[in-house]
Structures are given as structure tokens and as C-alpha cells.
Amino acid sequence: MTRRLMTLFSFLIVFTMLFSVGCTAQPTETEAPVEEAETAEEAEEPAEEEEAAEEPAEEAEEPAEEAEETLVVFRQPANEPDSLDPAQGGFGYQEFASLYEPLVDSFSSQEITPLAAESFEFSEDNTVITFKLREGLKWSDGEPVTAEDYRLSFLRQIDPATAAYTPQEFFPIKNAQLFNAGEITDPNEVGITAPDDLTLVIELEEPSPQFLSYVGNSNFMPVRVDLIEEYGDKWMEAGNHVGNGPYMLVEWEHDQRMVFEKNPHYSGIWKDTAHVDRIEFVLMADAWNQAVPAFEAGEVDVAIAPTSELPRLLESDEYAEMVNNVSIAGSVILIMDTANEPTDDVRVRQALSLAIDRETLAEGALRGAFEPAVSLSPPSLASHNPDEAFGYQYDVELAKELLAEAGYPDGEGFPEFEITYWSVDRAQLVMQALQAMWKQNLGIEVTLNPLEPQAMSDWRISRNEQSYNMQYGLNWAGIADPSEFHNALFDPNNSLKRSRYDNQEYIDLMRAALVEGDPDTRAEMYREAESIINEDVPIISLFYEGQTWLIQPYVENFQEITSSVALMFRYAQPPGLMLEQ
Amino acid sequence: MTNYIIRRILLIIPTMLVIFTITFFLMHTTPGGPWDAVGRPLPIHVIENLNAKYGLDKPVWQQYFIFLWGIISRGDLGDSYSRAGQSVSDIIVDHFPVSLKLGLAAMGVAVTGGIFLGMLGALKPNSVLDNLTTFLSVFGISTPNYVVASLLVILFAVYLDWLPTGGWDTLFSKKAIIPVFALSLGPMALIARYTRSSVLETRSQDYIRTIRAKGASEIYLFVVHALRNALIPVVTVAGISLANVVTGSFFVESILMIPGIGRYFVTSVTARDYPVIMGTALLYASLVMLMNLLVDIAYTFLDPRIRYN
């Protein structure tokens with residue numbers, strides 16, 4: 001009998017063994033609050049939108065803080081932030097501006113205003129900037145914020161061992177580039193000094209008008225170097241993380257959610273405008289498909305809308321008003337190799353650009369989510385120059401004429417032409433539309449070469465030595481400065497050669513504009529430089545980058561910031577009103 | 001038997017080494033690197049610094065031995081490139097238990113349900129009941145689990161509003177019902193098919209006829225003799241399915257917002273996150289080997305003729 005029993009249960013042994021393994025392998029679990037959350041969810045009918053907006057889990061966990069205002073945000077880009085480290089940050093990480101405070105604010109308005117600094121002043125020759133910190137600023141653990149904190153954070157960014165993503169923003173600083181390349185190892189030789197607790201002095205190699213805008217960027221946000229040493233890789237986890245921004249990280253369950261609360265020690269200038277008590281980011285792998293249903297169910301207050309859902313949302317009476325387009329200072333571009341046939345001929349480049357119906361592309365293929373380009377750089381940059389932008393007209397006859405002049409009447413004899421792009425949805429849509437437009441308008445057959453995004457990097461670097469026809473790209477302005485479009489894309493000294501455009505007149509002009517001190521002259525020089533590009537089109541701009549946010553009507557003051565979505569949460573007025581009702 | 005088990009466990013070591021080696025070189029010969037996502041490309045000097053920080057500037061054979069030595073000497077699988085501050089062990093410890101629990105529950109359902117359905121079908125071959133279970137099995141095998149998950153969400157979460165659309169608390173919450181069922185349907189159907197054909201085959205054996213001739217009741221004969229011998233192929237299938245199911249499903253986890261390990265099998269490859277690729281590959285390989293061993297041990301209980309000496 002024992003044997004029989006054993007036989008019957010033998011296969012079950014396998015599973016029970018693993019079951020016990022599974023149970024012990026599980027780390028900390030919050031069983032109790034979860035159960036409560038379930039009942040809370042049960043009791044709460046999603047009939048009333050206002051009620052549904054409050055995340056039930058919170059109420060269960062913290063019944064005492066029921067009056068707290070929570071803004072629930074479906075985080076974008078889709079999943080987790082890869083990092084909360086300013087050295088690995090980048091554009092579009094809305095978390096950074098909430099957690100850290102740089103010396104100046106270069107996003108809220110066209111003007112650069114002091115933020116953590118109380119004031120800043122330039123020396124006579126514009127090579128030394130002295131920042132005076134606001135008194136009484138504190139980190140979220142109560143420690144005072146000192147100039148030395150900023151100095152150490154900046155040095156950490158250019159330390160080659162940190163391997164920061166954008167150390168080049170620090171290169172205008174004296175000896176910073178050499179330090180980053182490892183040629184100088186003594187940090188005291190770098191032009192960053194902190195003579196006292198509230199004074200930070202930055203010495204530049206040469207006058208650099210755009211440098212101050214960089215100081216407002218995420219790379220210049222301070223971190224607690226002592227805590228990074230103490231906690232090692234784990235310094236970004238909730239509980240260890242300390243910042244100096246209006247919010248602090250209180251919870252981060254990887255792949256599930258991240259919660260910010262107001263930093264009680266914060267005394268900076270956002271103190272009164274940070275309306276939200278608590279921001280909860282929903283971190284989901286498939287946010288593109290989950291965002292809209294969750295928003296419609298009232299589970300989240302703010303979400304981003306995928307392009308494909310827009311037509312339906314815009315047609316509905318209920319949701320059309322909740323759709324908010326936020327422009328971002330970026331362009332989707334096509335880069336051509338101007339040293340390789342056939343695009344070495346300016347007429348071919350012009351013909352290709354003139355034959356693109358940008359309106360149809362933006363309205364049709366992209367469903368109206370983006371503004372069609374009328375000039376290389378987006379409207380928020382001073383270089384934006386749509387006047388008589390030759391390459392940006394839609395003129396098929398002229399395009400045909402130019403192509404014929406270049407020796408390819410009706411596309412006859414046009415060499416094999418390959419476009420390389422990354423195989424993501426939007427690029428795919430755009431490329432197919434362009435392929436059809438060129439075929440129909442010019443009689444040109446182009447080959448599409450989609451690459452996996454990660455393989456695109458190697459491909460780009462290898463194109464420094466090899467010729468190509470055309471590549472798809474996306475250029476963002478990290479700061480609201482035209483150099484992000486001109487010098488960053490065209491300077492022959494850049495590490496990526498891109499279009500190999502060697503018009504010396506243009507190169508001299510944009511290099512002179514970079515260091516020009518007078519803002520008006522500088523803008524005029526960049527506008528002139530841009531008109532050269534708009535005429536010669538070594539790079540074709542297709543449309544301007546943007547994001548479409550869905551915002552519940554009770555969320556007020558959700559500001560649109562021209563070049564970044566980073567600051568929006570400071571302004572947002574979350575479902576507070578409904579709690580008062 | 002003990003000797004056999006020890007020998008099998010020792011054999012795992014060279015097998016893992018082969019898997020490690022193949023995965024390592026395959027991953028390094030795949031074009032592309034970990035440092036560029038969609039967007040503005042990183043300057044070359046930044047990529048060089050990053051490569052130096054993570055040791056990717058060394059020749060590949062050196063990286064191979066450094067990585068291997070890290071695992072052997074410290075059990076260190078390295079740090080994720082794309083998730084700053086998280087080591088591969090962190091990712092496995094955080095996310096694997098979720099997939100494991102879901103997978104075990106799903107397999108529990110699959111084995112119970114599969115054997116039950118299979119037996120129902122085998123009781124009266126070609127009857128209405130048999131055709132019904134056959135239909136269910138074919139449906140289960142041919143419908144991918146993400147389709148099942150989506151259908152269940154639409155039916156139970158959107159229309160009926162009985163269950164949440166997604167998310168994860170614990171195994172014993174309403175949020176686990178849809179994923180457990182979606183994950184179990186495929187293996188359940190497979191097990192049902194195997195059980196049915198295996199039981200039918202066993203029933204036509206001579207010794208069954210002998211037992212029947214001795215006057216044993218049909219139920220006794222069926223459960224104790226036919227089923228027991230029919231379980232060998234079933235245990236084989238269930239073992240391999242288990243390794244598969246407990247490592248999660250990219251689609252089901254994505255659709256149902258479950259923080260499991262399944263998505264890392266896919267995202268690590270697309271992001272060229274080398275340490276995570278190695279970690280997930282080794283995790284899966286060790287589970288498959290463990291399950292094979294357990295299945296082989298289970299055979300000795302099921303069939304006294306099988307001995308490993």
C-alpha cells in the first residue's frame with residue numbers, strides 16, 4: 001500500500017519540492033496591506049471618476065493620510081527609468097527635475113534664472129562664472145547643500161571612471177575635457193572651485209554663451225557623493241536615495257511603481273508651486289497598450305497617448321479635450337552622405353526634399369500628432385528660419401526638373417539608394433510613406449534597410465569610414481540653443497561624421513555663432529546658417545518631435561514646457577479640488 | 001540510486017559550461033552593443049569610457065574568462081548595463097519568485113486539469129465527452145497564451161468587471177487568476193493529450209486484461225494500474241513544461257503587468273545587456289537540467305523496472 005501511495009504521488013513530489021523552494025526564495029512581501037487593498041478595491045466602485053482617480057492601494061496603506069493629494073502618472077517612456085543618476089540621465093526623464101535641483105533654471109522660460117543659486121555673475125571677459133548658493137538649502141535627509149556638493153558632483157560627471165553619458169556638456173570648463181580623457185588626473189586642475197560653502201566658481205576655457213543653459217540640465221544636478229560611496233550601486237534605491245529637489249523618492253518597486261513625496265526639507269523657489277503632495281508613477285512594460293484603457297477607467301490622472309489611439313480619442317466628445325500636445329525641441333531627420341553619389345549633387349538632395357509631402361506625412365501616416373517641418377530646427381530654437389526655406393516646399397515639378405538636371409530624368413539611371421533606419425513603429429511608418437512618395441513623384445526606387453536599434457550604433461560609427469546613402473535620425477536639443485542643431489550635427493570635428501557636409505562658409509558661420517556673445521547677433525547668425533542648410537539640405541527635416549499627453553480635466557496647471565516635460569510635475573495641480581468637494 | 005544522482009549533478013557542471021560558452025560567444029558576435037538606444041547617439045569617447053568601466057574594451061576571450069571566474073569564485077553574474085545599480089542577481093531575486101510562483105500554480109492547475117481531462121477522454125474513446133476534451137486540448141495547444149490572456153481580460157475584466165485588468169500582489173489574490181489560467185492552458189492541453197493516448201495504450205495491455213479477468217473493479221483498475229503506468233510520458237512532458245512555465249512569459253507578463261522574469265529573456269537580448277542575457281540563459285538551463293533529473297528520479301517510482309545502477 002505504501003508503495004502504491006508513493007507511486008500515485010510521485011509526480012506530485014516534484015512539484016511540492018519546487019513549491020517549497022519557491023516559497024522560501026521569495027523576499028519581503030507586504031501581504032497584509034495587499035489584502036486590505038483588495039477589499040478597498042472591492043468596496044470602491046469605479047462609477048465616480050473622482051474616486052477612481054485615488055489609487056485604492058494607497059488608502060489602504062496609509063489611512064491616516066487620506067487627505068493627501070496623489071497624482072497618478074503612467075510613466076513614459078514606457079517602463080522603468082533606467083537610472084536616477086544624473087550621470088546616466090538624459091532627455092525626457094521627468095523624474096530628475098523633481099528629485100534634484102540644479103543651480104539655474106533654463107527650462108521654465110526663455111531666460112535663464114537662478115534656482116539653487118541665489119545669483120550668478122560673469123567676469124569681465126566672460127570666462128569665470130561665480131554662483132552664490134541660496135542660504136539654508138537642505139538635502140532630503142536634512143544635511144545642508146553646499147557648493148562643495150556641486151563641485152564633487154560635477155567632477156564625478158567628468159571622471160572617466162563614472163562613464164557619464166554626456167560629459168561633453170562640461171567641456172567648456174577649463175581642463176574638463178583633458179580630465180575626462182584621463183590626461184589630467186588631479187581634480188584641482190579642473191576649473192571648478194568652491195571657496196566657501198555658498199560660493200561655486202567655474203572657470204571656462206573661453207567664453208561660451210550656451211554654457212549657462214547646460215548648467216540648468218540634468219547633468220548639472222548635484223548628487224550626494226558621500227552616499228554614493230556608502231551605498232555603492234544601491235544609492236538610487238528608495239530609502240538610500242537623497243536629493244535636493246522639491247520631491248523625494250519614497251518608494252520604488254522595480255517594474256511596478258515609483259512614488260515621490262514632497263521633500264520636507266526643501267526650501268527652494270518651487271516650494272509654493274509644487275502643488276502635488278505625492279506622485280505615483282505606474283511603471284509598466286507595455287504602457288503603450290495599457291495607458292489609454294487605464295486612463296479611460298480613471299485609474300490614472302496623466303498618461304501619454306500612443307499615436308494609433310489618437311483618431312479615436314480626438315473624435316470622442318469626452319476625451320478630445322483631455323488630449324494635450326506638448327512640443328519637444330527635436331526634429332526627425334534624414335541625413336545624407338554628401339560625399340557619395342548621388343547625394344553629393346545638391347540638386348538630387350533638393351529634389352528628394354522637395355518631393356516629400358510633409359503635410360500628408362504628418363496628417364496621414366502620423367495621424368496629426370506631429371508638426372510638419374518647415375525648417376531644419378524646431379520653432380522653439382532661435383535658429384528656426386522658415387522664410388523662403390527652399391528645401392521645405394512641396395513642389396513635385398521643380399523636384400523633377402532638378403533631378404533631370406542632375407542627370408536622372410524621371411529617375412532613370414538613379415543608382416541603388418538605401419535608407420538605413422531603426423526598426424521601430426514610427427520610423428517604419430515614415431519610411432514606407434517616403435518610399436511611396438519618391439516612387440510616385442520622382443520615379444526613384446529606394447531600398448529600405450531597417451536595423452535593430454542597438455545595431456544602429458555600430459552602423460553609425462562604422463559610417464565614419466564608409467560611405468552610405470541616407471540614414472534616419474532624431475535630433476533633440478538638450479538645451480534651448482541652436483548649437484544643439486548646427487554645431488552638434490555639422491561640425492566636422494564631431495566624433496560622428498554624419499553628412500560630411502563641407503561648406504566652409506557655413507562651418508565658419510556656425511563656429512563663429514557658437515562663441516558670439518550678443519544674443520541677437522548670435523540668433524541672426526544661426527538663422528543665416530540655417531537658411532544655408534534649408535537651401536542645400538544635407539539633412540532633411542521631416543517633422544518636429546512631440547508628445548501627446550492625456551490629462552484628466554481636474555488636473556490643473558499642467559504646464560507645457562517647450563523643450564522638456566521634466567518640470568511639469570512641479571506645476572501640476574492634482575485632483576486636490578475633488579477632495580474638497 | 002544515490003550514486004546515480006550524484007553523477008547526474010556532477011554532469012550538470014560541464015553542461016552548464018558548454019551552455020555558458022555558446023551563449024557568451026553568440027551574444028558577442030551579434031551585431032550592436034549595449035550603449036545605444038533610439039535617440040541621439042552617444043559620442044565615441046563616451047562609449048569608450050563606458051566600455052572601459054564595464055570591461056568591454058578587453059579582448060572577448062579575456063572577457064570570457066573574467067566573467068567565468070566571477071561566477072566561479074564569487075557567484076557574481078555582474079551588473080546590468082541597462083538598469084543602473086541593479087546586479088543580475090538583484091533582478092533574478094526580485095523578479096524570478098513572481099514568475100516561479102505563478103508558474104508553479106499554473107502547472108498545478110495544468111497537471112490536475114490535464115490528467116483529469118485526459119482520463120475523461122480515455123474512459124470512452126470517441127464518445128461525445130472524448131470529442132469535447134479533444135476539442136479543448138486542440139484549442140489549448142493551438143492558442144498562444146497571450147491570446148488567451150487578452151481574451152480573459154476582455155471577458156472577465158472589461159465586460160464582466162469581475163477581475164482586475166492586470167497588476168500583481170500575491171499568488172492568493174484576484175490579480176493572479178487570469179495569469180495562472182492563461183499560463184496553464186497550454187501545458188494542460190498537452191498533458192491531457194498525452195494522458196489520453198497513454199492511458200488508451202496501457203489499457204490494451206495484457207496485464208490489464210489479466211487484472212480485469214481477476215474481477216477487479218473498473219475504477220480500481222483504471223486509477224491504480226492503467227493510470228500509474230500511463231504517467232511516464234506525462235511526467236516527462238510536465239517536467240519540461242514546468243521549466244518553461246516558471247521562467248515566465250514575456251507576453252503574458254507584459255499584457256497583465258506582472259513584474260516577472262519572463263520579459264528579461266527578451267529585453268536583455270534587444271538591449272544587448274550581456275550580463276542579464278547570461279544570467280537568464282543560465283537560469284533557464286539549470287532549471288531544465290534540474291527538471292530532467294527530477295523526472296528521471298520520478299520514473300523509478302512509476303515503473304519498478306527502471307533502475308539506475
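Across all chains of this predicted model, the structure holds 23 salt bridges, a salt bridge being a side-chain nitrogen of Lys or Arg within 4 Å of a carboxyl oxygen of Asp or Glu. One of them joins the side chains of D85(A) and R156(A), with an N to O distance of 2.6 Å. Because D85(A) lies in the loop between β1 (70-74) and α5 (94-99) of chain A, while R156(A) belongs to helix α6 (residues 147-158) of chain A, the pair ties together parts that are 71 residues apart in sequence. Helices (H or I, at least four residues) and strands (E, at least two) are DSSP runs, numbered from the N terminus.

Residues are numbered from 1 along each chain as its sequence is written, and chains are lettered from A, with ligands numbered from 1, in the order in which they are written. Local features need a pLDDT of at least 70 and side-chain atom pairs count only at pLDDT 80 or more, whereas totals for chains, interfaces and linings use all residues, and side-chain values use heavy atoms, with hydrogens and water left out.

The model scores ipTM 0.73 and pTM 0.74. In terms of pLDDT, the predictor's confidence in each residue from 0 to 100, chain A averages 79, with 81% of the residues scoring at least 70. Over residues 1-67 of chain A the pLDDT stays under 50, and the model has 94 contacts beyond four places in sequence for this stretch, where contact means heavy atoms within 4.5 Å. Residues 573-581 of chain A also have a pLDDT below 50, and this stretch has 23 contacts beyond near neighbours in sequence. Where pLDDT is low, the predicted coordinates should not be read in detail.

For chain B the mean pLDDT is 86, and 98% of the residues reach 70 or more. The secondary structure of chain B comes to 12 helices and 0 strands, and its C-alpha atoms fill a box of roughly 85 × 60 × 30 Å, taken along the principal axes.

Two features of the chain A backbone concern loops. A cis peptide bond, with omega about -5°, joins E341(A) and P342(A), and P342(A) is found in the loop between β12 (323-336) and α12 (346-354) of chain A. D410(A), a residue other than glycine, has a positive phi near 55° and is placed in the loop between α14 (396-405) and β14 (417-422) of chain A. Most residues other than glycine have a negative phi, and most peptide bonds are trans.
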